Amino acid sequence: MRRNVVSVDVADLTPAQARERFRTGERVPTAGWCRGWTQANLIAVPARLRYDLLLFAHQNPRACPVLDVGEPGTSSTELFAGDLRTDLPGYRLYRDGRPVADLDEVVEEWREDLVPFLIGCSFTFERALLAAGVPVRHLELGTNVPMYVTNVPCTASGCLSGPLVVSMRPVPEELVKTAVDVSGRYPRVHGAPVHIGDPAVIGIDDLARPDFGDPVEVRAGEVPLFWACGVTPQAAIMASGVEYAIGHLPGHMAILDVRDEDYRVV
């Protein structure tokens with residue numbers, strides 16, 4: 001198991017510096033790391049399923065915005081100059097749809113037929129939320145963002161189907177419109193919330209018990225906002241019983257060599 005070490009200067013690191021720290025032993029959620037640099041979800045599937053996953057992403061673009069795709073067996077992509085097998089702070093291995101191991105690196109597990117997909121992440125617009133005066137609770141607390149499996153089905157494609165996963169950020173009621181407008185300017189990294197308010201409407205029974213990540217308090221005068229989450233492909237892997245796949249540990253992202261503002265539209 002890697003050591004859990006967080007430095008106060010992680011926002012100032014370059015992607016290459018962050019990847020080096022992950023490669024040499026640091027295992028932490030990456031919210032707040034590498035200010036201004038885009039983060040992404042990783043899912044790698046056997047080549048025979050790459051078109052199923054591409055179609056699934058096309059049919060469910062809010063949850064699965066594809067930023068980059070590698071060739072079978074490759075461990076880097078155009079937007080990620082590091083090694084996808086070692087340069088994330090945590091991985092999850094799936095067999096027959098079941099998560100069987102959380103790993104520090106996946107060099108031995110990285111098969112020659114695996115095709116890596118990098119999926120947009122809502123961490124990309126968190127600095128813009130802060131700049132607009134919208135608080136981001138998990139950044140304040142230094143914890144992982146809470147993520148929940150909903151009762152909202154994704155559009156099935158090929159052999160893949162499953163539920164939408166969402167991330168949640170509590171926002172003061174008077175800033176809800178600001179949060180919607182700001183995040184809506186980043187449509188390729190989930191865009192505006194998919195749900196605002198009562199979590200029960202989307203099948204979430206208890207905000208204090210996220211399926212992934214850490215719980216955060218929703219305080220008086222705040223409204224929970226829910227964004228589509230790039231962990232959705234991993235939920236589809238589980239629901240569909242995919243024979244083999246590798247994903248990132250939720251919240252432990254790939255840090256890309258591209259800027260957040262590259263995904264902002266006016």
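**Reading the model**

Author: The term buried stands for under 20% relative accessible area, exposed for over 50%, and partly exposed for what lies in between, with a 1.4 Å probe and protein chains only. This is a predicted model, in which local features need pLDDT of at least 70 and side-chain atom pairs count only at pLDDT 80 or more, while totals for chains, interfaces and linings use all residues. Residues are numbered from 1 along each chain as its sequence is written, and side-chain values use heavy atoms, with hydrogens and water left out.

Reader: What is the mean pLDDT of the protein chain?

Author: pLDDT is the predictor's confidence in each residue, from 0 to 100. Here the chain has a mean of 96, and 97% of its residues reach 70 or more. Where pLDDT is low, the predicted coordinates should not be read in detail. Residues 1-7 are such a case: pLDDT stays under 50 there, and the model has 23 contacts for them beyond four places in sequence. A contact means heavy atoms within 4.5 Å.

Reader: How many salt bridges does a search of the whole structure find?

Author: Side chains of opposite charge can pair when their charged atoms come close. A salt bridge is counted when a side-chain nitrogen of Lys or Arg lies within 4 Å of a carboxyl oxygen of Asp or Glu. The search finds 17 of them. In one, Asp83 pairs with Arg85, and the closest N and O atoms are 2.8 Å apart. Arg85 is partly exposed at 24%. A network of salt bridges also links Asp9, Arg21 and Glu26.

Reader: Which residue meets Arg19 in a salt bridge?

Author: Arg19 meets Asp257, at 3.2 Å from N to O. Arg19 belongs to helix H1 (residues 15-23) and Asp257 to strand E11 (residues 254-259), so the pair ties together parts that are 238 residues apart in sequence. Helices (H or I, at least four residues) and strands (E, at least two) are DSSP runs, numbered from the N terminus. Arg19 is buried at 4% relative accessibility, whereas Asp257 is partly exposed at 32%.

Reader: Where is Glu261?

Author: Glu261 sits in the segment after E11 and is partly exposed at 48%. Its salt-bridge partner is Arg264, with the closest N and O atoms 3.9 Å apart; Arg264 is partly exposed at 35%. Glu261 and Arg50 lie 211 residues apart in sequence and 28 Å apart in space, C-alpha to C-alpha.

Reader: How many cavities of 30 Å³ or more are there?

Author: Rolling a probe the size of a water molecule over the atoms shows where empty space is left. On a 1 Å grid over the protein atoms alone, a cavity is a set of points where a 1.4 Å probe fits but cannot get out, and lining residues have an atom within 4 Å of a point. Points are joined across faces, edges and corners, and a volume is the space filled by probe spheres set on them. The count is two.

Reader: Which residues of helix H6 are buried?

Author: In H6 (residues 232-240) they are Thr232, Pro233, Gln234, Ala235, Ala236 and Ile237. These pack against E1, helix H2 (50-59) and strands E3 (91-95), E5 (114-120), E7 (163-172) and E10 (244-248). After H6 comes Gly241, with a positive phi near 65 degrees.

Reader: What is the phi of Cys34?

Author: Most residues other than glycine have a negative phi. Cys34 is not a glycine, yet its phi is positive, about 50 degrees. Cys34 lies in the loop between H1 and E1 and is buried, with a relative accessible area of 1%. Asp96 also has a positive phi, of about 50 degrees. Asp96 is placed in the loop between E3 and strand E4 (98-103), partly exposed at 46%.

Technical notes
1 Å grid on protein atoms, 1.4 Å probe; cavity = no way out; pocket = protein on both sides within 12 Å on 5 of 7 lines; lining within 4 Å.
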